[in-house]
Amino acid sequence: MIAPTALFALDTLLTEEEREIRSTVRRVCDREIRPHVAGWFEAGELPARELARTLGSVGVLGMHLDGYGCAGLGAVSYGLACLELEAADSGLRSLVSVQGSLAMYAIWKYGSEEQKQEWLPAMAAGERIGCFGLTEPDFGSDPGGMRTTAKREGGDWVLNGTKLWITNGSVSDVAVVWARTDEGVRGFLVPAGTPGFTVNDVKHKISLRASVTSELVLDGVRLPAEAILPGARGLSGPLGCLNEARFGIVFGAMGAALDCLETAIAYAADREVFAKPLSSYQLTQEKLADMALELGKGLLLAVHLGRLKEAGTLTPEQVSAGKLNNVREALEIARKCRTLLGASGITLEYPVIRHSVNLESVLTYEGTSEIHSLVIGKALTGIAAFK
Ligand SMILES: Cc1cc2nc3c(=O)[nH]c(=O)nc-3n(C[C@H](O)[C@H](O)[C@H](O)COP(=O)(O)OP(=O)(O)OC[C@H]3O[C@@H](n4cnc5c(N)ncnc54)[C@H](O)[C@@H]3O)c2cc1C
C-alpha cells in the first residue's frame, strides 16, 4: 500500500526545508488541534486566542511576509502549512489565512511604517488577532457596491456601515475595514473597543463551526487621520489581499481532501461488508482511484502555482483556476468519502462530514466558484460577463 500522495511522488517536488515545515505544522496540528477540533466544531466554539499564540510560536502567522517578525518563507512552504492546517479543519486554516494573508498582508503591503511596527510583530507572534471587513449584508461578490462610508471631519475620519461574515471578527484586536470615500475605496485600521464599533457573532452556522464569523457594526466610528492605509487606493487594495488568501486555499482544500481520503481508505480496509473488506470491491477501488487522481492533480497544480508565485509571475486568473478546481474537487472527494463510511460518515467521530460541510463555505468565500468561473471565462474570451 502507498499513501495517496505517493502516487504522484509529490515529495520529489519539494525542498527539504519545505518538507520540514510541513512536518512541523502537522505535528502541531496532531498535538494541539486534532484531539479537540470535533468538540470545538460541535460546540461552535474556538479557543482562538490560545490557538493564535500556539500558531504564532511556530511561525505560521504571516509566514510568507518579510520582516516585522515574519518568517519570509516561500509560497510553497506557506501553501503546505495551509494544507496541514486544513487537513485538521478548514476553520483553523481560515484563522491563519485571515490573520496572515488578509489582515497582516493589508498592513504589510499598504500600511505606514508606524502601522507595520505597531501591529505586525504582535500579529506574527499571535498576541494580537486581525480581521478583514470587506463583505456587507447586500454586497459579497460585488464589493464595489459597498455602502460603508468614511467621511473626513476635520483631521479625523468617521466611518458608518455594516460588514458581515467576517472571520475572526469578535476575537480581533484590529479590523481592516474597507469603506467608500470621496476618493474611492480606502482601507482603515479600526482597533477593537473604538467607540461606535460593535461586533456580533453569526450564530446557527452548520459550516465552519470551529471558526469565529461576525458582523461588524460601525456607527459614527471616529478614527485619527493615521488610521488610513496610505498605500491602498480603490478596490485593487482589498482584491490584492484576497488573491493572497485564495492562494492558500488552493493548497488548503487539498489538505481537507487528503484527510478525507486517508480516513476512507483506512475505514474501507477495516469495514467488512458481505463478508469481505469494503476496500476489496471494485466499486470501492474505482472510487478510491478517482479520488487519488483528483487529489494528485490538485496538489500538482498547487505546487505549480506556488512556484509561479515564488517566481513573481502568478496571475489572478491562475489563482482563480486553482481555487475553483481544488475546492470543487475537494468537495467532491469529501462527499464520495462520506459514502464509503456509510452511516458512520454522518457523525463527528470521523472528520469527513465536518470537512464536507466546511468546504461548502470555502466554495463560497474568497470569491464564489461562479465568480472564479467568470474570471477564467473573461480571460479566455476577453468578455467580462459579471454584469
Ligand atoms: C464562513 C465565512 C467566512 C467569511 N469570511 C469573510 C471575511 O473574513 N471577510 C469578508 O470580507 N468576507 C467574508 N466572507 C464573505 C464571503 O466572501 C462572501 O460570502 C462571498 O464573497 C459571496 O458573497 P455573498 O455571500 O453575498 O453571495 P452573493 O454575492 O449574494 O452571491 C449569491 C450567489 O450568486 C452568485 N453570483 C454572484 N454574482 C454573480 C454573477 N455575476 N453571475 C452569476 N452568479 C453570480 C454567487 O456565485 C452565489 O452563487 C465569509 C463568508 C463565509 C461563509
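Asp89 caps the N-terminal end of helix α4, with a side-chain oxygen 2.7 Å from the backbone nitrogen of Gly91. That is a polar contact, meaning a pair of N or O atoms within 3.5 Å; within protein, one must be able to donate a hydrogen and the other to accept it, and residues adjacent in sequence count only if both atoms are side-chain atoms. This is a predicted model, in which local features need pLDDT of at least 70 and side-chain atom pairs pLDDT 80 or more, while totals for chains, interfaces and linings use all residues. Residues are numbered from 1 along each chain as its sequence is written, and side-chain values use heavy atoms, leaving out hydrogens and water.

**Helix α4**
- Helix α4 spans residues 90–110 and has a kink of about 40°, centred on Met104.
- The bend at a residue is the angle between axes fitted to the seven residues ending there and the seven starting there.
- Helices (H or I, at least four residues) and strands (E, at least two) are DSSP runs, numbered from the N terminus.
- Of the 21 residues in α4, 19 are buried.
- Buried means under 20% relative accessible area, exposed over 50%, and partly exposed in between (1.4 Å probe, protein chains only).

**Annotated domain**
- The unreviewed UniProt entry annotates residues 131–221 as "domain: Acyl-CoA oxidase/dehydrogenase middle".
- UniProt positions follow the numbering used here, feature names are shortened, and annotations may be inferred rather than shown by experiment.
- Residues 131–221 are 0% helix and 55% strand, and the end C-alpha atoms of the span lie 17 Å apart.

**Salt bridges**
- The whole structure holds 21 salt bridges, each a side-chain nitrogen of Lys or Arg within 4 Å of a carboxyl oxygen of Asp or Glu.
- Arg222 and Asp156 form one, at 3.1 Å from N to O.
- Arg222 is in strand β9 (residues 213–223) and Asp156 in strand β5 (residues 156–167), so this pair ties together parts 66 residues apart in sequence.
- Arg222 is partly exposed at 43% relative accessibility, and Asp156 is partly exposed at 25%.
- Glu310 and Arg307 pair at 2.9 Å, N to O.
- Both Glu310 and Arg307 lie in helix α7 (residues 282–311), three residues apart, about one turn of the helix.
- An α-helix has 3.6 residues a turn, so residues three or four places apart point the same way.
- Glu360 and Arg335 form a salt bridge, their closest N and O atoms 2.8 Å apart.
- Glu360 sits in helix α9 (residues 352–364) and Arg335 in helix α8 (residues 316–340), so the pair ties together parts 25 residues apart in sequence.
- Salt bridges that share partners join Arg152, Glu183, Arg186 and Arg233 into one network.
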